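Please brief me on this protein model.

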Amino acid sequence: MYVKLINYTFNPEETVNSAAAVCYNSKPNDKIIEHCLKSRHFSVLEFADFDFLITGISRSCSHQFVRKRVGISYAQQSQRHVKFEEGYDVVIPHTISSNEEALKIFNDSHKKSEESYKKLLEIGIPAEDARYVIENAATTVIRANMNGRCLIDFASERLCSKAQWEIRELLSKIRDEVSKVSPIIAKSMQPKCYWLKHCPESKSCGKWRQFLTKEDFKWIKEAYEYIENVYEI
């Protein structure tokens with residue numbers, strides 16, 4: 001998997017600060033973006049755009065990726081117009097690559113799919129129809145443009161331990177690229193429990209506890225005291 005930030009809003013954090021300053025009728029300063037993030041006023045983050053080139057992810061992963069549509073523009077390698085006459089690469093999950101029997105089954109299946117695809121092209125079947133035998137493991141190329149608000153929202157879902165390993169790896173690499181030009185936004189790309197201060201999943205990994213701060217414990221204590229008084233616990 002390869003992720004490269006190829007274009008972005010010049011000085012994204014300053015751009016967000018400038019936009020937010022309009023809301024407060026104030027002069028831009030470095031603390032504004034941090035205040036907006038802490039208050040979860042994410043709309044001003046839409047002024048910062050990030051453009052990524054992503055290669056080597058599976059079609060299975062890309063199907064999950066493109067489900068997120070608000071705030072993102074996509075351009076993906078076509079299997080209709082691009083012919084893979086020399087074969088194509090695939091992504092092999094660790095659970096399969098680390099199991100000798102499973103890996104043999106996977107490789108046999110891939111070899112058969114690749115051979116079937118080539119034979120269909122040879123007998124004149126259009127690439128857009130021959131592709132029906134290509135497996136979800138086949139790699140693809142995507143260009144994705146996201147704004148800062150979308151990045152935080154996307155990360156909240158796909159950096160969760162309940163998300164599949166490949167999409168988690170993809171979001172981690174995207175965050176690494178963002179950190180090169182906007183450390184503050186990158187730092188805010190966290191799983192949803194970071195913002196919720198609890199886990200809404202039925203079986204929690206327990207990671208949410210590490211995100212609690214002294215301020216969080218203070219309001220949790222105040223909330224518990226309020227509940228005690230109201231319900232006379």
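This is a predicted model: local features need pLDDT of at least 70, side-chain atom pairs count only at pLDDT 80 or more; totals for chains, interfaces and linings use all residues.

Residues are numbered from 1 along each chain as its sequence is written, and side-chain values use heavy atoms, with hydrogens and water left out. Helices (H or I, at least four residues) and strands (E, at least two) are DSSP runs, numbered from the N terminus.

**Largest pocket**

- The largest pocket has a volume of about 590 Å³. A pocket is an open set of points on a 1 Å grid over the protein atoms alone, where a 1.4 Å probe fits, with protein on both sides within 12 Å along at least five of seven lines. Its volume is the space filled by probe spheres set on the points, which are joined across faces, edges and corners.
- The lining comprises 15 residues, and those closest to the pocket centre are Leu37, Lys38, Tyr194, Trp195 and Lys197; a lining residue has an atom within 4 Å of a point.
- Two or more lining residues come from each of helix 2 (30-39), helix 9 (183-187), helix 10 (192-196) and helix 11 (214-231).
- By class, 6 lining residues are nonpolar, 2 are polar and 7 are charged. Ala, Val, Leu, Ile, Met, Phe, Trp, Tyr, Cys and Pro count as nonpolar, Asp, Glu, Lys and Arg as charged, and the others, Gly among them, as polar.

**Helix 1 and Asn17**

- Helix 1 (residues 12-24) has 13 residues and spans 19 Å from first to last C-alpha, close to the expected 18 Å. The expected span is 1.5 Å times one less than the number of residues.
- Its buried residues are Pro12, Glu13, Val16, Asn17, Ala19, Ala20 and Ala21. Buried means under 20% relative accessible area, exposed over 50%, and partly exposed in between (1.4 Å probe, protein chains only).
- The cover over these buried residues includes strand 1 (2-8), helix 2, strand 2 (49-58) and helix 9.
- Asn17 counts as buried because its relative accessible area is 4%. Beyond four places in sequence, Asn17 is in contact (heavy atoms within 4.5 Å) with Pro28, Asn29, Asp30, Ile32 and Ile33.

**Helix 5**

- Helix 5 (residues 100-122) has 23 residues and reaches 33 Å from its first C-alpha to its last, close to the 33 Å expected.
- Phe106, His110, Ser113, Glu114, Tyr117 and Leu121 are buried in helix 5, and their cover includes helix 4 (94-97) and helix 6 (127-130).
- Asn99 caps the N-terminal end, with a side-chain oxygen 3.1 Å from the backbone nitrogen of Glu101.
- Just after helix 5, Gly124 has a positive phi of about 95°.

- Gln76 lies in strand 3 (residues 72-76) and is partly exposed, with a relative accessible area of 31%.
- The side chain of Gln76 makes polar contacts with those of Ser62, at 3.2 Å, and Thr140, at 3.1 Å. A polar contact is a pair of N or O atoms within 3.5 Å; within protein, one must be able to donate a hydrogen and the other to accept it, and residues adjacent in sequence count only if both atoms are side-chain atoms.
- Ser78 is in the loop between strand 3 and helix 4 and is partly exposed, at 24% relative accessible area.
- A polar atom of the Ser78 side chain lies 3.1 Å from the backbone nitrogen of His81.
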